[in-house]
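Subject: Structure handover

Hello,

Here is the structure we talked about. Please open it first, then read the notes below it.

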Amino acid sequence: MLVPDPKAVRTLLTRYASLRIAQAERERPATARELADVSYTLCVMMGTTDVGEAVARADALLPAVGGADPEGESGLPLAV
């Protein structure tokens with residue numbers, strides 16, 4: 001099984017969370033399209049078709065492959 005690059009996964013999770021917040025604050029077509037693109041990419045990267053499952057898998061992957069986080073992330077899971 002291929003393991004996605006943890007840095008790319010972390011970047012996608014961060015972008016996904018930011019877009020979810022932006023869309024919740026103010027719905028915009030451009031944000032919705034970008035959120036759909038990021039969600040799709042995250043699903044493909046994590047080998048699932050459900051974004052909630054993709055986020056859960058990505059969240060579980062990061063501590064398993066990263067150990068200590070050099071970028072200072074808190075280690076808290078992202079909400080879906």
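Is Arg 20 buried or partly exposed? Arg 20 is partly exposed, because its relative accessible area is 36%. The scale is this: buried means under 20% relative accessible area, exposed means over 50%, and partly exposed is in between (1.4 Å probe, protein chains only).

Some ground rules. This is a predicted model, where local features need pLDDT of at least 70 and side-chain atom pairs count only at pLDDT 80 or more, while totals for chains, interfaces and linings use all residues. Residues are numbered from 1 along each chain as its sequence is written, and side-chain values use heavy atoms, with hydrogens and water left out.

The overall picture

The protein chain has three helices and zero strands. Read from the N terminus, the order is α-α-α. Helices (H or I, at least four residues) and strands (E, at least two) are DSSP runs, numbered from the N terminus. Of the 80 residues in the chain, 25% are buried. The chain exposes about 5500 Å². Carbon and sulfur atoms supply 57% of that area. Areas come from the Shrake-Rupley method with a 1.4 Å probe; for residues, only the protein chains shown count as cover.

Now contacts, meaning heavy atoms within 4.5 Å. Take those in the chain with a separation of 6 or more: residues 24 or more positions apart account for 52% of them.

The core

The largest nonpolar core has 15 residues. Val 9, Leu 13, Leu 42, Met 46 and Ala 58 have the most contacts inside it. Helix H1 (6-25), H2 and helix H3 (51-66) each supply at least two residues of this core. A nonpolar core here is a set of buried Ala, Val, Leu, Ile, Met, Phe, Trp, Tyr and Cys residues joined through side-chain atoms within 4.5 Å.

Look at Ala 58. Setting aside residues up to four places away in sequence, Ala 58 touches Val 9, Leu 13, Leu 42 and Met 46. Arg 10 and Ala 58 are 48 residues apart in sequence, yet 8.0 Å apart in space, C-alpha to C-alpha. Arg 10 is in helix H1. At 21% relative accessibility, Arg 10 counts as partly exposed.

H1 against H2

Two packed helices are described by the angle between their axes and the distance between the axes. H1 and H2 pack at about 150°, with axes 9 Å apart. Axes are lines fitted to C-alpha atoms, for helices over the stretch in contact, and angles run from 0 to 180 degrees between N-to-C directions. The two helices are therefore roughly antiparallel, a label for angles over 145 degrees, with under 35 as roughly parallel, 65 to 115 as roughly perpendicular and the rest as oblique.

Which residues meet there? Among them are Arg 15, Tyr 16, Leu 19 and Arg 20 in H1, and Thr 31, Glu 34 and Ser 39 in H2.

Three of these deserve a look. Arg 20, in helix H1, is 11 residues from Thr 31 in sequence and 8.7 Å from Thr 31 in space, C-alpha to C-alpha. Glu 34, in helix H2, is partly exposed at 33% relative accessible area. Leaving aside neighbours within four places in sequence, Glu 34 is in contact with Arg 15 and Leu 19. Ser 39 is in helix H2 (residues 29-46). At 14% relative accessibility, Ser 39 counts as buried. Ser 39 touches Tyr 16 and Val 51, not counting residues up to four places away in sequence.

Best wishes
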